[in-house]
Amino acid sequence: MSMSGTVTAKEQERLALQASLDAEKSQAERNRIGQFATPSGLAEDIVRYAVARLPPAEKVHFLDPAFGTGSFYSALLKFVPKKRIAEALGFEIDPHYGKPAAKLWKDTGLVLTFADFTNAEPTPHINVLICNPPYVRHHHLHNGNKTRLQLRTQQASGMKISGLAGLYCHFLGLSHAWMTEGGIAGWLIPSEFMDVNYGHAVKRYLLDRVTLLHIHRFDPNDVQFADALVSSTIVWFRNTRPPADHEVKFTFGGTLFEPRVSRVISAHVLAREPKWTRFPIADVRSRSDIPTLSDFFRIKRGIATGDNNFFILSEKEILTRGLPMEVFTPILPSPRYLAHDEVKARKDGSPDIDRRLFLLNTKLSEEEIHRRFPALAAYLEEGKAKGLQERYLCKHRTLWYGQEDRPPAPIVCTYLGRGDSKSGRPFRFILNGSHATVANVYLALYPTPLIAREMDRDPSLLRKIWSALNKLPADVLLGEGRVYGGGLHKLEPRELSNVPAVFIMDLLPHTAVVPRIKQLGLFAKA
Ligand SMILES: C[S@@+](CC[C@H](N)C(=O)[O-])C[C@H]1O[C@@H](n2cnc3c(N)ncnc32)[C@H](O)[C@@H]1O
């Protein structure tokens, strides 16, 4: 990749050290505390960019809170004369990297502390803060630790970070207390915060507490960042309150200094826009970088039968009328008849529930039905006598009684939800272990091949996804911006398809890297 010319001998030494230290650790260990180094070219670009934003005579007080072997520090030494560096601090939790790094940089004036940065006592004296923080997802943060982090981050920055935020959000917030007024910060972080709910607090901080200067997002399709950086973002800000009518530079693709697309966006617009990855290509509502449910499930509305009273029969009615079971498919009753969110199957695959209903579902011609099943033929005649055949839906089918194809779905969701629902869960996701199909009071979720493969590998995955779906708050399901109050709400397949599904990524093993998801970069460091 570009970027800033030749590699110094010291940087070569550091790269060799980095490679040998990385090789002594397993991928899983490195994942656990987010140990993935910044490529030298990029580290250099970042440092150059930061220093260019300082007044020329100002001395540098540098901090890297997640030091590793010091890719940023190395770049600092390359671009800034020694006498201009008043101090350089680093934190590194892991002595495996910290100790050899301290040795590498000894006699350069670096003060490297082998400690957890999130416990450090800040003093506001840093004017260049550069960080590629550990990317540790929230579910790897232990509960007590999470609460402590939330508290400290709030004290340091005013940010009330959600429990779903990754460690990098806390690093960003905690660092606030280290910065001088007017100091500059550059953060190499995942783009995810720009679009998902937990990123809201970070975005408010960037708009209200500091002056957001520039967000550069790498193009996930850019091969030059193949292994480490896809879907990463560099966020630049100055620690000072923003001016009125502030504008922020958004760039995309290429490099920090030579982006492919660039655009200035008003902070007012940003305050209203929930998905910042739309910028800089704002008008084309670009597909967001983060995965949505549609990456994992094809979502379809249940069957519109044309007349549920006629086409859906109870088991008893089928028996009484002597109708042939083979032309019926089990179908779930309306959600109010489902006491539980899980439907188990009987031996024959039908749902093991009290209210047992079946959908008339056949592709047999009327002639054939007359010949083989006189009782069914008589039943169809009853329908015709009621004028069913002439109804819009029935009339537009090849066979007026033929139903759409809706195989049983392993998860179905209720289509209508009440805002005042006592459970606090207006929409219910039902784990359907039976062969029952659903009518249009439900949405059917069919696994895409991608997730189906993972489900084959891990039989517990489906259940985990189901339970995570049931924990999604209503406003996430309905989409940000749609106020969720009392009354009845409909959840359309498109809305459900667009629900951010980072929580499903959390359930997948790191090895589950698949084409689009890989581009998303969420696992790119794995
Ligand atoms: C993504 S790496 C970045 C390393 C280096 N600054 C670079 O850009 O190449 C993050 C580093 O932070 C360290 N780290 C993880 N958790 C930490 C913590 N709580 N406090 C300090 N360092 C931590 C990891 O061991 C790892 O070396």
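In what order do the strands of the open sheet with 3 strands lie, and is the pairing parallel or antiparallel?

A: The order is 11-14-12, and the pairing is antiparallel. The model is a predicted one, in which local features need pLDDT of at least 70 and side-chain atom pairs count only at pLDDT 80 or more, while totals for chains, interfaces and linings use all residues. Residues are numbered from 1 along each chain as its sequence is written, and side-chain values use heavy atoms, with hydrogens and water left out.

Some terms come first. Strands (E, at least two residues) and helices (H or I, at least four residues) are DSSP runs, numbered from the N terminus. Two strands pair if DSSP finds at least two bridges between them. Strands of a sheet pair through backbone hydrogen bonds, either parallel or antiparallel.

Another pair of strands runs parallel: strand 1 and strand 2 (residues 85-91) are joined by 5 bridges. His 61 has Glu 87 in strand 2 as its bridge partner. Strand 1 (residues 60-64) is largely enclosed by the rest of the structure, because 4 of its 5 residues are buried. Buried means under 20% relative accessible area, exposed means over 50%, and partly exposed lies in between (1.4 Å probe, protein chains only).

Asp 107 is in the loop between helix 5 (95-104) and strand 3 (110-113). Its phi is near 70°, a positive value in a residue other than glycine, and Asp 107 is exposed, at a relative accessible area of 73%. Asp 245, in the loop between strand 7 (232-238) and strand 8 (247-254), also has a positive phi, near 55°. Asp 245 counts as exposed, at 60% relative accessibility. Pro 280 is in the loop between helix 9 (267-272) and strand 10 (297-301), and the peptide bond from Phe 279 to Pro 280 is cis, with omega near 10°.

In helix 18 (residues 493-497) we find Ser 497, which is buried, with a relative accessible area of 13%. The side chain of Ser 497 reaches the backbone oxygen of Pro 493 at 2.7 Å. This is a polar contact, that is, a pair of N or O atoms within 3.5 Å; within protein, one must be able to donate a hydrogen and the other to accept it, and residues adjacent in sequence count only if both atoms are side-chain atoms.

Around it are 24 residues, of which Gln 35, Thr 38, Ala 66, Glu 92 and Asp 116 come nearest; a residue is near if one of its heavy atoms lies within 4 Å. A backbone N or O atom of Ala 66 is 2.7 Å from a nitrogen atom of the ligand, and one of Phe 117 is 2.9 Å from a nitrogen atom of the ligand. A polar side-chain atom of Ser 71 lies 2.8 Å from a ligand oxygen atom.
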